[in-house]
Amino acid sequence: MTSDPRRIVTGAAAALESRDAASLVEHYAPVFVFEDIPSGLVITDHGALRTYFDRLFAGPQSSLVITMISVGDATGLLEWTWSGVNPRTGDAFEIRGASGFEFGPDGITRETLYYDPRPTH
């Protein structure tokens, strides 16, 4: 694992867009906090994080597109759009959000997700 924040974020972004949960989880440090603010979910275990992303990516026509990347020395930001089809209703949805990152020498030490859970359509 590289300690270069730009490489960490671009690698994580590529894993998100390709819906590769295994590769994505490899970008997190051994000790990390993943926090989904709207849902109140906090994850600190790699196995649970992998399960979270596997479920996210498993939805019908699930797609995550990175629309902006910004990286500093120890922090970063991704803006993204997640879309797919609600399996219960069959309705298409699109949700815009952002992920804030903190980095350590072993990868992502903190990710905080912010989004409006109401789909835009």
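Colleague: Is Ala22 buried, partly exposed or exposed, and what is its relative accessible area?

Modeller: Ala22 is partly exposed, at a relative accessible area of 28%. Buried means under 20% relative accessible area, exposed means over 50%, and partly exposed lies in between, with a 1.4 Å probe and protein chains only. The model is a predicted one, in which local features need pLDDT of at least 70 and side-chain atom pairs count only at pLDDT 80 or more, while totals for chains, interfaces and linings use all residues. Residues are numbered from 1 along each chain as its sequence is written, and side-chain values use heavy atoms, with hydrogens and water left out.

Colleague: In which element is the place of Ala22?

Modeller: Ala22 is in helix H2. Helices (H or I, at least four residues) and strands (E, at least two) are DSSP runs, numbered from the N terminus. The C-alpha atoms of Ala22 and Leu56 are separated by 13 Å, the two residues being 34 residues apart along the chain.

Colleague: How should I read the length of a helix, and what span should helix H1 have?

Modeller: The expected span of a helix is 1.5 Å times one less than its number of residues. Helix H1 has 13 residues (residues 5-17), so it should span 18 Å, and its end C-alpha atoms are 18 Å apart, which agrees.

Colleague: Which residues of H1 are buried, and against which elements do they pack?

Modeller: An α-helix has 3.6 residues a turn, so residues three or four places apart point the same way. In H1, the buried residues are Pro5, Ile8, Val9, Gly11, Ala12, Ala13, Ala15 and Leu16. Their packing partners are helix H2 (21-25), helix H3 (46-58), strand S3 (63-71), strand S4 (75-85), strand S5 (92-104) and strand S6 (107-115). Contact means heavy atoms within 4.5 Å.

Colleague: What is the phi of Arg19, and where does this residue lie?

Modeller: Most residues other than glycine have a negative phi, and most peptide bonds are trans. Arg19 is not a glycine, yet has a positive phi of about 55 degrees. Arg19 is placed in the loop between H1 and H2 and is partly exposed, with a relative accessible area of 39%. Gln61, in the loop between H3 and S3, also has a positive phi, near 55 degrees. Gln61 is exposed, with a relative accessible area of 65%.

Colleague: How many bridges join S3 to S4, and in which sense do these strands run?

Modeller: Two strands pair if DSSP finds at least two bridges between them. S3 and S4 run antiparallel and are joined by eight bridges. They form a hairpin with three residues between them, and Met68 stands opposite Glu79 in S4.

Colleague: With which strands does S1 pair?

Modeller: S1 pairs with S6 in the parallel sense over five bridges. Within this pairing, Thr112 in S6 is the bridge partner of Glu35. S1 is also joined to strand S2 (residues 41-43) by three bridges, and these two run antiparallel. Here Asp36 has Leu41 in S2 as its bridge partner. The hairpin of S1 and S2 has four residues between the strands, and Gly40 takes a positive phi near 80 degrees in it.

Colleague: How is a pocket found, and how much space lies in the largest pocket?

Modeller: Rolling a probe the size of a water molecule over the atoms shows where empty space is left. On a 1 Å grid over the protein atoms alone, a pocket is an open set of points where a 1.4 Å probe fits, with protein on both sides within 12 Å along at least five of seven lines; lining residues have an atom within 4 Å of a point. Grid points are joined across faces, edges and corners, and a volume is the space filled by probe spheres set on the points. The largest pocket holds about 350 Å³ of space. Its lining has 21 residues, and Asp36, Tyr52, Leu56, Trp82 and Leu113 lie nearest its centre. H3 gives the most to this lining, with four residues.

Colleague: What is the volume of the second largest pocket, and which residues are closest to its centre?

Modeller: The volume of the second largest pocket is about 250 Å³. Among the 15 residues that line it, Trp82, Asn86, Pro87, Arg88 and Phe93 are the closest to its centre. S4 gives the most to the lining of this second largest pocket, with three residues.
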